[in-house]
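User: I'm new to reading protein models. Could you walk me through this one with a few questions?

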Amino acid sequence: MTPPRTITGTIANAPVVRNPLWRRVALLVLIIIFALLTLFPQKYRAATSLTTSEPSSLGLSGALGQLGAMNSVFGNQAAIEVALKIARSDYVRSKVSKQLKLQQVLGRDEVATHRWLDRHMDIRSLKGGIIQFSIQNRDPDLARNIISAYTDAVRTQLASIALDQTAYKRRILFELVENASDRLAKAQSAYDTFRLKTRYSSPQAAIYAAGDRIPEMEAMIRSKQVQLAQMRQFATDDNMRIRQVIAEVEALQTQLASAKSLKPGDQSSVGQVVQQSTEVDRLRRELTFAQSLYDNYKKFLQGTSVEDLTSSANVRVLEPAYIDTTRQLNIFPLAILICLVVIGVAIEFYSARPPLLEKGLA
C-alpha cells in the first residue's frame, strides 16, 4: 500500500513547483509583489488620547464642595465605561458622518458608512483611565478629521447627559427647597406663637431662670430665719421689726410652696417650668432642624448652577488628533507574505531532504 504524501510533499511535487528554477522565480516574484502591497498604498494612523475629568482635577474641588456639587454624574470608573459606550454608539457615528459628510466622501449610504466607521475605528481603554481613539486610512487629513470629530462628539454627548442629569437634580431640589421652606415657616410660626403666649422674648433663658428661683428663695428664707433668731434675743415677737421679718418669712414660704408645686397651671411652679421647657425644647429642635434642612437643600440647589458651568469640562484631551509617524503596514498582504516565506522555506527543506517514505513517490 502506497503511503499518502504530506501536504509539503504534495505542494513540492506539483507540476510548476517541481522545477526548482520556476519555483524560486515564482516565489520570489510573489514575495516582491506582496512586500510592495504591504508597504503600498501607504496608510496613515491618526489617533488621540483623552481621559474623563473630575472637579478635583480642575482645581475646583473646594468651591464645588462648598456648594454641594462634588458628586460626579457617573462615578469614577463608570465615567470611563460610559465614555466608551458613547464613543461606540450609533449617535456618535451619525454625528461624525454628518459633520464630515462621509457618505459623499466614501460613496456609501448611511448604513454602510456606519459599518465602515464601526469596522475601522479602534476605541479602547488603556491603563490609568486613558481612552484612545485611532483609525487607519490612506488619506491622513480625513483620518485626523474623523478622530477630531469623534472627540468633539463624545465630549458634546457627555456634556448633554450631564446637563440632563443636573436639570433632573435641579427639579427635585426645587421641590425639596419649597417643602423645606414651608416646614421652616411653620416651625418659626409655632416658636413665635409660644413666645407670645408665654411673653418670653427668650423662652429658654426665662424658663431656666424661673427654675433657679427655688434655690434663691430657700436661701432667702434661711437668711431671714437667722436674722429673726438674732432679733429675738433682744426683743419679743410683739416688736414691729420682728413682726415684719416674720411676715417676710411667711410670704417667702408661701411663694416657695407655690414654686415647688407640680401642677402645670400654677404660675412659676416646677410643673409649669417642666412643661414649658419640654415644649420650648421641642419647638427649638424643630426650628433648628427645619433651618438646617433648608440651608442644605439651598446649598445643593446653588451647586447645580456650578455643575451646569462645568458640564462641558468632562473630558481632558491628553493628545490632540495626530498622525502617527510609525510606518503602517497593510495587514492582509503582510499575512500572505509571511505564509509565502514559510511555504517556500518548507519546500526548500523538503526538496533538500525528503522523507524516506516519500523518496520512492517523488
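This is a predicted model: local features need pLDDT of at least 70, side-chain atom pairs count only at pLDDT 80 or more; totals for chains, interfaces and linings use all residues.

User: Is lysine 101 buried or exposed?

Analyst: Lysine 101 sits in the loop between α5 and α6 (102-106). Its relative accessible area is 57%. The cut-off for exposed is over 50%, so lysine 101 counts as exposed.

User: And which residues of α5 are buried?

Analyst: Buried means under 20% relative accessible area. In α5, the buried residues are Val92, Arg93, Ser94, Val96, Ser97 and Leu100.

User: Which peptide bond is cis, and what is its omega?

Analyst: Most peptide bonds are trans. Here, the bond from phenylalanine 40 to proline 41 is cis. Proline 41 is in the loop between α2 and β1 (44-52). The omega of that cis bond is near -5°.

User: Which residue lies over the face of phenylalanine 40, and at what distance from the ring centre?

Analyst: Phenylalanine 40 is the residue on the near side of that cis bond to proline 41. Over the face of its ring lies arginine 327, at 5.1 Å from the ring centre.

User: What about phenylalanine 300: which residue lies over its face?

Analyst: Look at the ring of phenylalanine 300 and go 5.7 Å from its centre. The residue lying over the face there is lysine 299.

User: How are the rings of phenylalanine 133 and tyrosine 150 arranged?

Analyst: The structure holds one aromatic pair. The ring centres of phenylalanine 133 and tyrosine 150 are 6.1 Å apart, with the planes at 65°. Planes over 60 degrees apart count as edge-to-face, so this pair is edge-to-face.

User: Which parts does that pair tie together, and how many residues apart are they in sequence?

Analyst: Both phenylalanine 133 and tyrosine 150 are buried. Phenylalanine 133 lies in strand β3 (residues 130-137), while tyrosine 150 lies in helix α8 (residues 140-198). The pair therefore ties together β3 and α8, at positions 17 residues apart in sequence.

User: How many bridges does β3 make with β1, and how many with β2?

Analyst: With β1, strand β3 pairs in the antiparallel sense, and alanine 46 stands opposite isoleucine 135 in β3. Strand β2 (residues 122-126) also runs antiparallel to β3, with serine 125 opposite isoleucine 131. The bridge counts are eight for β1 and five for β2.

User: Which residue in the turn between β2 and β3 has a positive phi?

Analyst: β2 and β3 form a hairpin with three residues between them. In that turn, a positive phi of about 80° belongs to glycine 128.

User: How many of β3's residues are buried?

Analyst: β3 is mostly covered. Of its eight residues, the number buried is six.

User: Is valine 25 buried or partly exposed?

Analyst: Valine 25 lies in helix α2 (residues 20-39). At 40% relative accessibility, valine 25 counts as partly exposed.

Conventions
Residues are numbered from 1 along each chain as its sequence is written. Side-chain values use heavy atoms; hydrogens and water are left out. Rings of Phe, Tyr and Trp (its six-membered ring) pair if their centres lie within 6.5 Å; planes under 30 degrees apart count as stacked, over 60 as edge-to-face and the rest as tilted. Helices (H or I, at least four residues) and strands (E, at least two) are DSSP runs, numbered from the N terminus. Buried means under 20% relative accessible area, exposed over 50%, partly exposed in between (1.4 Å probe, protein chains only). A charge sits over a ring if NZ of Lys or CZ of Arg is within 6 Å of the ring centre and within 35 degrees of the ring normal. Two strands pair if DSSP finds at least two bridges between them.
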